[in-house]
Each structure stands twice: as structure tokens, then as C-alpha cells.
Amino acid sequence: MMDPKDARQSASCSTVCGTNPHLAAMKDDILYHFSLGTATHDLPAMFGDVKFVCVGGSPRRMKSFIEYIAAELNMEDPKSEYPNICAGTDRFAMYKIGPVLSVSHGMGVPSTGIMLNELIKLLHHARCTDVTVIRIGTSGGIGLGPGTVVITKQAVDATFQPKFEQVILGKTVVRNTDLDQSLAEELLQCSKELNQFETVIGNTMCTLDFYEGQARLDGAFCSYTEKDKQDYLKRANEAGVCNIEMESTVVAAMCKLSGLRAAVVCVTLLDRLKGDQLSSSHEVLQDYQHRPQILVGSYIKKQLRAKAGRS
């Protein structure tokens, strides 16, 4: 069944809209996996100015991003180590500079969903407004060369359907995975202005597994042939799928439900039609992984310059 909250949620809501009626009755809210809480931390003072939240799988990558964006925004402090705000836990890492928050989400839908639940509550408690969330990460391409940046048009599941399914109280709830199309176009325009690497807009397939779930032949188990794999990936490509990763549907669904503008920007590390394993050098892969950071950093700079010009 389609969650009725999806139909009611307004995409134009400027505040982070919580849909849990029980939160208002809670005296304290402990964000356990962030090691933060409403009783122990002044969340509005710490996070009230946040306008951009960038999320990605690896803690190291998200620290690298905050260092990069700090330099791009001329906010870097040579003496700063950019402390991990979530240092009290080893589940996630969080870094902040100015209006930009950088948070790791781990690997896959379950880990990302836990992080997003607490992130959305954090933004709500901090009374943040007009927040944009962008996932930056890596993916496998379908018919795209390594190093291509894909801006997600529609997040789809492994059957190529634009939906996120979750079992709640024993029933399957289906949620919408629409992403902000104007944000995707703005990001594409930034890439054209940068003119540093190929960037496309296309559908992103989110799977629940890295191996058989993505039609790989190199896992511990495999119940299909090379031809089966190729047929499946070609069907995905015919359905508009440009790349495969493991988080986009939950990012799209939860951000839409919360009134947050959201985008997914991932670089392809290989063309899955040509293989399963990464053969590029460490240096080349590092260059590829930096590309979404460059694009998103350019977008944030452009938005902040525009805001400064209006004020």
C-alpha cells in the first residue's frame, strides 16, 4: 500500500517536517547513533544555520569532503582538525563548517535509514529551514565509462520500479522515491560550467546487496550465467537505469516525506556491462571519487553567492 503521508507531504515545506506525532510528547529525544540529544546538546545553537547536508557512505570520505568544502568556501582553519561531532559513537561520523553538514551513512539501505531518521530529527529539533540534502558516492555504471558522474533523475528498485518498500507492523508500505528535478537540473548546469568531467542525468537502481543483488558473478554465491547477468543489466538500461548503488531509494523516500530537497550524485567506478571487479589504480579511483565532491562543492558555492547577492 502507498503511504498516505506521501500524498499529504508538501515539497515546498521550508522547515523540516516531522511526521511522527509521538515526538511532541517526548521530554527528551536521544539521537543514540549520533551520540547527541535534546537534553544534552543545544541543537539549535549547534546546527540551526545548516542549509546543506551532504551524506556518503565512508566516514573518511565525509571528512575529506568537509576539508574540501571548507577550502572552497574560504572557511578553512589551518589549525583545525574538523572534529567528529559524533565522536561519542563509532556508528556514524559528522563534520560541520558554516552552513554545511557532512555525515556518513554506512553501506546500504538499513544503515542509511537509521542515519536519516536521526538526521531528520536533528534538523527538526535545530529548527533548520530550507535545507538541501545531497548524497555523494560511488556506483557501478551501465553503459557508461568509469569516472562518469550520474545525477539521479529517479531512484528505482531492483525491479526498475520507482518505489521504496518497507515492512511496518507486518505490512509492506510503499513510499515514493521522487527527487527534486529542479535541483538535478541545477547540478547538471554546474557540471556544464565546470566542464571537468562527463556528467549525465539518469535513473539510479538501488539494490539490497552488492553481489547477487547487482548481478555480479564474483561473489561467494551465484545462481545464474553471464548471459543472465547481461540480459538483466540490459533490461535495466532499457528502463533508463544509468548506474547501480545501495542507498538512493531510502534517501529519496525519507527526504520527500520530510519536505527536504534532495539529490543523489554518484560517480561510476566501472561499466558493469564489461566486468564486476575494480581494476583501476588507487590513484585513479581517488580521482573518480573526488568528482561528486567537486560538483556538489561548486553547487553550494553558487547558491551561497546567489544568497549573498540578494541580501
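In this predicted model, helix 4 (residues 109–125) and helix 7 (residues 248–257) pack with their axes coming within 9 Å and crossing at roughly 25°. Angles under 35 degrees count as roughly parallel, so helix 4 and helix 7 are roughly parallel to each other. Their crossing is right-handed. On the helix 4 side, the residues that meet helix 7 are Val109, Thr112, Gly113, Leu116, Asn117 and Ile120. Helix 7 answers with Thr249, Val250, Val251 and Met254. Sorted by class, the contact of helix 4 with helix 7 comes out at six nonpolar and four polar residues, with no charged ones.

Next up is helix 8 (residues 282–310), whose axis comes within 10 Å of that of helix 3 (residues 59–72). These two axes cross at roughly 40°, and helix 3 and helix 8 are therefore oblique to each other. Here too the crossing, that of helix 3 and helix 8, is right-handed. Helix 3 brings Arg61, Ser64, Phe65, Tyr68, Ile69 and Glu72 to the contact. From helix 8 come Gln289, His290, Gln293, Ile294, Val296, Gly297, Ile300 and Lys301. The tally for the contact of helix 3 with helix 8 is six nonpolar, five polar and three charged residues.

Helix 8 also meets helix 5 (residues 181–194), and there the axes come within 9 Å and cross at roughly 105°. That angle makes helix 5 roughly perpendicular to helix 8. Helix 5 takes part through Leu183, Glu186, Leu187, Gln189, Cys190, Ser191, Glu193 and Leu194. The helix 8 partners are Ile294, Leu295, Ser298, Tyr299, Lys302 and Gln303. Seven nonpolar, four polar and three charged residues make up the contact of helix 5 with helix 8. Ile294 of helix 8 is listed in the contact with helix 3 and again in the contact with helix 5.

Now for the charges. Side chains of opposite charge can pair when their charged atoms come close. A search of the whole structure turns up 13 salt bridges. One of them joins Asp49 to Lys96, with the closest N and O atoms 3.0 Å apart. This pair ties together distant parts of the chain, 47 residues apart. Asp49 sits in the loop between helix 2 (43–47) and strand 3 (52–56), while Lys96 belongs to strand 4 (residues 94–97).

How far can the model be trusted? The protein chain averages a pLDDT of 93, and 95% of the residues score at least 70. Over residues 7–12, though, the pLDDT is below 50. Beyond near neighbours in sequence, this stretch has eight contacts in the model. Where pLDDT is low, the predicted coordinates should not be read in detail.

Methods: Residues numbered from 1 in each chain as written. Predicted model: local features only at pLDDT ≥ 70, side-chain atom pairs only at ≥ 80, totals over all residues. Heavy atoms only, no water. pLDDT = per-residue confidence, 0-100. Contact = heavy atoms within 4.5 Å. Axes fitted to C-alpha atoms, helices over the stretch in contact; angles between N-to-C directions. Helix = DSSP H or I, 4+ residues; strand = E, 2+ residues; numbered from the N terminus. Parallel < 35°, antiparallel > 145°, perpendicular 65-115°, else oblique. Left-handed = near helix turned anticlockwise from the far one by under 90°. Nonpolar A, V, L, I, M, F, W, Y, C, P; charged D, E, K, R; others polar. Salt bridge = Lys/Arg side-chain N within 4 Å of Asp/Glu carboxyl O.
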